[in-house]
Amino acid sequence: MNQNAIHEAAQELIPASEWARSAFRRVWDSALSALDAGIAGELTWKPKKKTRSVQANACMWAHLTDLSQQVNWHGHKLTAEEWKEVISAGLRIQRAVPGIDGGFVVLGVRTSRMSIAEMADMIELIQAFGGQHGVRWTAPKWMQEGCQ
């Protein structure tokens with residue numbers, strides 16, 4: 001089980017406020033111990049937006065794999081990774097810059113940094129696009145909640 005899955009499972013058991021309070025308490029206690037030992041330091045807290053779930057990520061990749069296996073895009077079969085670039089480009093304006101040896105490089109969107117709402121938009125766009133191209137989705141039943 002990966003770290004994200006463990007974290008998400010723990011959060012389901014412990015309310016977010018208790019989880020945060022416990023984490024801050026451990027950090028604060030460690031900082032006090034360091035100060036008592038004569039070690040100076042600095043604590044910083046930087047809020048972060050909550051990002052996609054492991055289940056939503058699995059759903060996205062299952063759908064992208066379905067696209068890669070079922071859709072011919074302007075005479076090309078694209079990989080799931082290439083479909084991720086094409087679909088994510090539909091969510092945000094992207095820039096294309098000249099490549100080192102010619103051609104162009106499209107500066108893409110990192111799905112790992114997407115918020116929950118952005119990932120929902122990504123999955124919705126994949127499903128809409130796939131629906132227009134007759135894609136049959138093969139995501140397993142356990143994944144269906146992340147696909148909503």
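The points below go through the helix, the residues around it and the core it contributes to.

1. The model is predicted, and the remarks here should be read as such. Helix α5 runs over residues 116–132, 17 residues in total. From first C-alpha to last it reaches 24 Å, close to the 24 Å expected at 1.5 Å a residue.

2. Which residues of α5 are buried? They are M119, M122, I123, I126, F129 and G130. These residues lie on the same side of α5, because they cover an arc of only 130 degrees around the axis. The face turned away from that buried side carries A117, E124, G131 and Q132, which are exposed.

3. The partners of the buried residues of α5 are α3 (54–70), β1 (72–73) and α4 (80–89).

4. S115 has a relative accessible area of 13%, so it counts as buried, the limit being under 20%. Apart from neighbours within four places in sequence, S115 is in contact with K49, K50, T51 and R52. At the other end, α5 is followed by G134, whose phi is positive, near 70 degrees.

5. The largest nonpolar core has 18 residues, of which L64, L67, W83 and I87 touch the most other members. Helices α3, α4 and α5 each supply at least two residues of this core. Not counting residues up to four places away in sequence, L67 touches W83, I87, I126, F129, G130, V135 and W137. In soluble globular proteins, nonpolar side chains tend to be buried together.

Note on methods: Residues numbered from 1 in each chain as written. Predicted model: local features only at pLDDT ≥ 70, side-chain atom pairs only at ≥ 80, totals over all residues. Heavy atoms only, no water. Helix = DSSP H or I, 4+ residues; strand = E, 2+ residues; numbered from the N terminus. Expected span 1.5 Å × (residues − 1). Buried < 20%, exposed > 50% of the residue type's maximum accessible area, 1.4 Å probe, protein only. Arc of directions from axis to C-beta. Contact = heavy atoms within 4.5 Å. Core = buried A, V, L, I, M, F, W, Y, C linked by side-chain atoms within 4.5 Å.
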